[in-house]
Amino acid sequence: MRLFEKIVFREEILEHSKLIIGHDQFAYKKGTNTTSALIKCHHHWLKWLDEDAEFVRVLSFDFRKASDSVPHDIVTGKLKQTNLNPYIINWIISFLTNRKQRVVVDGIITRYVDINKGVPQGTVIGPFLFSLMVDDIKPKQPETNVLVKFADDMTVSAPVKSNSDSATMEVRNIENWARKNRMTLNLTKTWEMLLSGGTSKPPPAPIEGIERKEWLKLLGVTFEDDVCCWDLHVNGLLSKAGSRMYILRVCRRYGYRKEHLSYLFDSIILSLFLYGIEIWGSALQKKYLERIDKFFKRAYRYGYILKEYKMSELIETRDRILFNRILDNPEHILYELLPEKRQKNLRKRNHPFILPQVRTERFKRSFVNRIYDEPCPYSIYRVK
């Protein structure tokens, strides 16, 4: 069954998934990941605050037992509206129909129970079916607000201006969708974070039923209501990295060579700092770089790594790799964030784009804006 699923998915579903699943879904799609999803959110937050937004509401939604709550009749109805091969659609419907399960414990066997909801766990097409299920969740005001999905993690961002605040409308819109599609929105795990652009105006009142927090952990990266502050995220990284150094200490005691310790360091510690570095790498404060570089120096002094890492160099390398991927692929999900291209190039440049006009230093340090020139004029590794 698994082999047949892979063949069907690769030959039929994968070819159509980009057309079936919208650009706001960043999971289970080739060329997308959590970093891309967070870059899109972070870029729009800084852009709105750079323009005329007084605040930005960031809402993180959670569905209760999302994968186990997908009604089969609803998801198959959405499946029939796609342009997949009818034979594939009928096979998937048959795959979901008349599913049963039972429990066997210590020789005691329960009777079979009919299963009429839930995406089968561990299947190849399960993630696609869940993405299809939530694909028709769209922002109520797509011209101003941004919805980003990563599987069942959904984030809605809405700017607050003097005459408009559509965050409550977006919450009600998702609540109505959940009610219509027989899925439960877990408001106890749905939170709001309010970003401020430095205005002296009073903040908008919290949305009823949703707790407002000073920080949110989105897809593994901790954001704070002060959009330029990364204290919690860096503290968390250093705490995890410090606790994992004990593993290296034990391995060295058992005779691991330095080359093996270095591989292990890259796998379990350096990977912590590289994850999402394109987003939180916009931090201007030199104190963050110094703290992480100090940690790397200590690891090098203890003999856990073959070379001493520099955080500024890691940020520069990762920025350039991702930016080149976007430039080389106009279909990249982040390509839409790039500015307009120049009609004429009077002199040789590293890129064909018109540098955006920005007002604030924080927006200059966003991933898209800091990467245009080589070396980047606004990158944190040139700030003293």
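Modeller: Let's start with Glu-54, which counts as buried because its relative accessible area is 15%. Buried here means under 20% relative accessible area, exposed means over 50%, and partly exposed is in between, using a 1.4 Å probe and protein chains only. Keep in mind that this is a predicted model, where local features need pLDDT of at least 70, side-chain atom pairs count only at pLDDT 80 or more, and totals for chains, interfaces and linings use all residues. Residues are numbered from 1 along each chain as its sequence is written, and side-chain values use heavy atoms, with hydrogens and water left out.

Where does Glu-54 sit? Its place is in the loop between helix H2 (34–50) and strand E1 (55–61). Helices (H or I, at least four residues) and strands (E, at least two) are DSSP runs, numbered from the N terminus. The side chain of Glu-54 makes a polar contact of 2.7 Å with the side chain of Lys-201. A polar contact is a pair of N or O atoms within 3.5 Å; within protein, one must be able to donate a hydrogen and the other to accept it, and residues adjacent in sequence count only if both atoms are side-chain atoms.

Which residues does Glu-54 touch, once its neighbours within four places in sequence are left aside? Among them are Val-160, Lys-161, Ser-162, Leu-195, Ser-196 and Lys-201. Contact means heavy atoms within 4.5 Å.

E1 pairs with strand E8 (residues 191–196) in the antiparallel sense, over six bridges; for two strands to pair, DSSP must find at least two bridges between them. In that pairing, Phe-55 stands opposite Ser-196. E8 is also joined to strand E9 (residues 211–213), this time in parallel and by three bridges. There, Met-193 stands opposite Lys-213.

Lys-213 has something else going on: it lies over the face of Trp-215, at 4.2 Å from the ring centre. Likewise, the charged end of Arg-99 sits over the ring of Phe-95, 4.9 Å from its centre. A charge sits over a ring if NZ of Lys or CZ of Arg is within 6 Å of the ring centre and within 35 degrees of the ring normal.

Most residues other than glycine have a negative phi. Arg-182, in the loop between helix H6 (167–180) and E8, has a positive phi of about 55 degrees although it is not a glycine. Leu-219 also has a positive phi, near 50 degrees, and its place is in the loop between strand E10 (215–218) and strand E11 (221–224). Leu-219 counts as partly exposed because its relative accessible area is 23%.

Over on the helical side, look at the aromatic rings. Rings of Phe, Tyr and Trp (its six-membered ring) pair if their centres lie within 6.5 Å; planes under 30 degrees apart count as stacked, over 60 as edge-to-face and the rest as tilted. The count comes to 12 aromatic pairs. Take Phe-273 and Phe-296: their ring centres are 5.3 Å apart and their planes are at 75 degrees, so they are edge-to-face. Phe-273 lies in helix H8 (residues 258–274) and Phe-296 in helix H10 (residues 286–301), so this pair ties together parts that are 23 residues apart in sequence. Phe-273 is buried at 0% relative accessible area, and Phe-296 is buried at 0% too. Together with Phe-265, Phe-295 and Tyr-309, they form one aromatic cluster.

Helix H7 (residues 231–253) comes in through Ala-241, which is buried with a relative accessible area of 0%. Beyond its neighbours within four places in sequence, Ala-241 contacts Ile-269, Leu-272, Phe-273 and Phe-295. Its C-alpha is 9.5 Å from that of Phe-265, a residue 24 positions away in sequence.

Zooming out, the protein has 13 helices and 11 strands, and 49% of its 384 residues count as buried. Among contacts with a separation of 6 or more, 69% come from residues 24 or more positions apart.
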